[in-house]
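Let's walk through this one together, question by question. Take a look at the chain first.

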Amino acid sequence: MKALTLTAIGGLDQLRIQDLPRPTLSNPDDVLVRLHAAALNRLDLWVIGGLPGLRYTFPHIPGADGAGVVEATGPAVQGLAVGERVLLNPGRSCGHCEWCLAGEQPLCPGFGVLGEHHPGTLAQYLVVPARNLARVPERMSWAAAAGFTLATLTAWRMLITRARLAPGELVLIWGIGGGVSQAALRIARHAGARVVVTSGAEAKLAHARELGAEHGINHSTSDVVAVVKALTGRRGVDVVVDSVGERTWEQSLRCLARGGRLVTCGATTGPMVTTDVRKLFWYQWSLLGSTMGSDAEFRAIMRLAAAGELWPEVDTVVPLDQAVAGFRRLEAGVQLGKVVVDLSG
Ligand SMILES: [Zn+2]
């Protein structure tokens, strides 16, 4: 099979297209999927650049998100037939530790992500356990199906499970160009919350307003804290979605209302932040970490997807031999929606 492979860490120049053996079923609940599309995420860029602490086996196949057709199933697989259109949950867990048994798979000590800890989706074939698969809703394109899970699942756990977002609450989402931020906007609107977004690009702010954001703040030209205070009569927002890290952490806290929650799934600009503990207890803020999503959360977003909700927008579809160009587009941050690689050729 053809696959995009990383031959050494160190960036996009280390990617090659290679012919590799097709993976085979190794467990009774495994499914072999012939992938039609893979969607690119910022996580892939981190993996390709070199993640400290991650043990790589080269050639490494990146890619967390994907969709395709069931090609073969192990003897224990039920409810999935050869030929069905499926999309993937990129999170893999052991299935038998105390956190897995409690339904909290992202807390599993053996938790891993396709394309990071396991072979990824930028290949024509992939083997995953059946519980990592769900049927693609009717009328959903391969590109939208491939781009659905990672961002939507991550944002769902952040807002619904961790921050317990309630109807009528006000949410601030930093950097609305990113996949998780866009999914967070859709989910917040679905939950009946009001949304303020930031971006450095006016076109992205205008687009977010079309998707239901009440206000867009240009964080390159405006003081986000001052604008949020002005918009809310100095009250602040109930929830902040911040995966920017060092550059925004303090501003995020200053935007929070009394009893507010800050939820983070990343630290794009750096991981070390400072927090005034006196404000933390006096205003009774909650600082919440979140990563990926559980099997139950995956089923929850799939029920909404089947009803036509939360579908991602697709920015670009490129063939496998143009995947590096797709990554460069993502790296430049100029995309509006998912960048997708077509693997059907
Ligand atoms: Zn486990």
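Domain bounds here come from an automatic or database domain assignment. Keep in mind that this is a predicted model.

Q: Into which domains is the chain divided?
A: There are two stretches, 2-148 and 311-342, that go together as domain 1. The other piece, 152-289, is domain 2. So going by that automatic or database assignment, the answer is domain 1 (2-148 + 311-342) and domain 2 (152-289).

Q: How many residues of domain 1 are in contact with domain 2?
A: Contact here means C-beta atoms within 7 Å. The C-alpha centres of the two domains lie 28 Å apart. On the domain 2 side, 8 residues take part, and on the domain 1 side the number is 8.

Q: What is the make-up, by class, of the side of domain 1 that touches domain 2?
A: Let's sort that side of domain 1 by residue class. Charged residues number 2 and polar ones 3, and the nonpolar count is 3.

Q: Why does the chain count as being as compact as a globular protein of its length?
A: The chain has 11 helices and 17 strands, and its C-alpha trace spans about 60 × 40 × 40 Å along the principal axes. For 345 residues the globule rule gives 20 Å. The chain is as compact as a globular protein of that length because its radius of gyration is close to that value, at 20 Å.

Q: What share of the contacts with a separation of 6 or more comes from residues 24 or more positions apart?
A: Start with burial: buried residues make up 46% of the 345 residues. Now take the contacts with a separation of 6 or more: the share from residues 24 or more positions apart is 68%.

Q: Which peptide bond is cis, with omega near -5°?
A: Look in the loop between α1 (42-49) and β4 (65-73), where Pro-59 is found. The cis bond there runs from Phe-58 to Pro-59.

Q: Is Arg-164 exposed, partly exposed or buried?
A: Arg-164 sits in the loop between α4 (149-162) and β10 (170-173), and has a positive phi of about 50° despite not being a glycine. A residue is buried at 20 or more C-beta neighbours within 10 Å and exposed at 12 or fewer. Arg-164 has 14 inside 10 Å, so it counts as partly exposed.

Q: What about Arg-234: exposed or buried?
A: Arg-234 lies in the loop between α7 (224-231) and β13 (237-241). Its phi is positive too, near 70°, and Arg-234 is not a glycine. With 9 C-beta neighbours inside 10 Å, Arg-234 counts as exposed.

Technical notes: Residues are numbered from 1 along each chain as its sequence is written. This is a predicted model: local features need pLDDT of at least 70, side-chain atom pairs count only at pLDDT 80 or more; totals for chains, interfaces and linings use all residues. Two residues are in contact if their C-beta atoms, placed from the backbone, lie within 7 Å. Ala, Val, Leu, Ile, Met, Phe, Trp, Tyr, Cys and Pro count as nonpolar, Asp, Glu, Lys and Arg as charged, and the others, Gly among them, as polar. Helices (H or I, at least four residues) and strands (E, at least two) are DSSP runs, numbered from the N terminus. The radius of gyration is taken over C-alpha atoms; the globule rule is 2.2 Å times the number of residues to the power 0.38.
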